[in-house]
Amino acid sequence: MSSSQIAATMKNSTRATYQDVLDAPPQIVAEIVDGTLYTNRRPGIPYAIASSDLLAIVGPPFSLGRGGPGGWLILHEPELHLDDDIMVPNQAGWLLERMPELPSGAYCTLVPDWVCEMLSPSTRKLDLDGIKPVCARAGVRFIWFVDPDSRLLEAFALHNKEWVLIDRLFDYATVSLPPFDAIGFILGELWSSNVLHKAVMESASAERLSTEIETELSQTAK
């Protein structure tokens, strides 16, 4: 099965349980949505880069209070148990004022205030058709979807148990969106590593070609 497909899905009359999640291979992300077990491979490096860069941007000002208000706990790929649903979003954040004590177990049952998913070919359908409704049902206040392929960010706020689009931003737009509108950043920072890598490789290739041409001309002159 290709990486653009869900690797395995349990669809039968028996509802999946946490034991099914525990039994999944360690290299697989296992989630339960509406009683169905979904297992997916880890997303590719471009999606991991975007996810890591977003955490590096919002983490310091909101988790650590460096250049921002602080007051948040923001985690990378936490395991969330929301009633019977089990999900592992790319990022989730909680206002500390809602969290009497920090979680110490393998998963968290407190509904996050914010969830962000990186849309990849292998997870897009589950994120939009499964995780998004689960978050609304659970009462997550904000959800972001970042699509590195389309260079797009869509932000939603929950209103009367329905998702309302806050904004849709593309390419290198400035991002200042709830719940992190106390800061601003350039959306393109989430895929700048890919762009810079391509530029470096193209520059290196051009330099090698120039060197080869000079060498060939020098040998011809002899």
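I note that the model is a predicted one.

**Entry on leucine 153**

Which residues does leucine 153 contact, if neighbours within four places in sequence are left aside? I listed Trp144, Phe145, Val146, Asp167, Arg168, Leu169, Val175, Leu177 and Leu187.

**Entry on helix H2**

I counted 20 residues in H2. The helix reaches 26 Å from its first C-alpha to its last, close to the 28 Å expected at 1.5 Å a residue. I located a kink of about 40° at valine 58, shortly before proline 60.

I next looked up which residues of H2 are buried: Tyr47, Ala50, Ser51, Asp53, Leu54, Ile57, Val58, Gly59, Pro61 and Phe62. An α-helix has 3.6 residues a turn, so residues three or four places apart point the same way. With that in mind I read the list again, and it includes Tyr47, Ala50, Leu54, Ile57 and Pro61. After H2 comes glycine 65, whose phi is positive, near 75°.

**Entry on strand E9**

Is E9 largely enclosed or open? I found that 6 of the 6 residues of E9 are buried, so the strand is largely enclosed by the rest of the structure. Phe142, Trp144 and Val146 point one way, while Ile143, Phe145 and Asp147 point the other way. Both sets are buried.

I then examined the pairing of E9 with E8. The two strands run parallel and are joined by 5 bridges; valine 115 stands opposite isoleucine 143. Between E8 and E9 the chain passes through helix H3 (residues 124-138), and this β-α-β crossover is right-handed.

With E10, the pairing of E9 is antiparallel and extends over 6 bridges. Here aspartate 147 stands opposite leucine 152. The hairpin of E9 and E10 has 4 residues between the strands, and arginine 151 takes a positive phi near 55° in that hairpin.

Where does asparagine 160 lie? I found it in the loop between E10 and strand E11 (162-170). Asparagine 160 is not a glycine, yet its phi is positive, about 55°. Lysine 161 lies in the loop between E10 and E11 and has a positive phi of about 65°, although it is not a glycine either.

Are these residues buried or exposed? Residues over 50% relative accessible area count as exposed. Asparagine 160 has 66%, so it is exposed. Lysine 161 has 70%, so it is exposed.

**Entry on a cis peptide bond**

Which residues does a cis peptide bond join? I identified proline 178 and proline 179, with omega about 5°. Proline 179 is in the loop between strand E12 (174-175) and strand E13 (185-186).

Terms used: Residues numbered from 1 in each chain as written. Predicted model: local features only at pLDDT ≥ 70, side-chain atom pairs only at ≥ 80, totals over all residues. Heavy atoms only, no water. Contact = heavy atoms within 4.5 Å. Buried < 20%, exposed > 50% of the residue type's maximum accessible area, 1.4 Å probe, protein only. Pairing = 2+ DSSP bridges. Right-handed = clockwise from strand over helix to strand, strands pointing away. Expected span 1.5 Å × (residues − 1). Bend = angle between axes of the 7 residues up to and from the residue.
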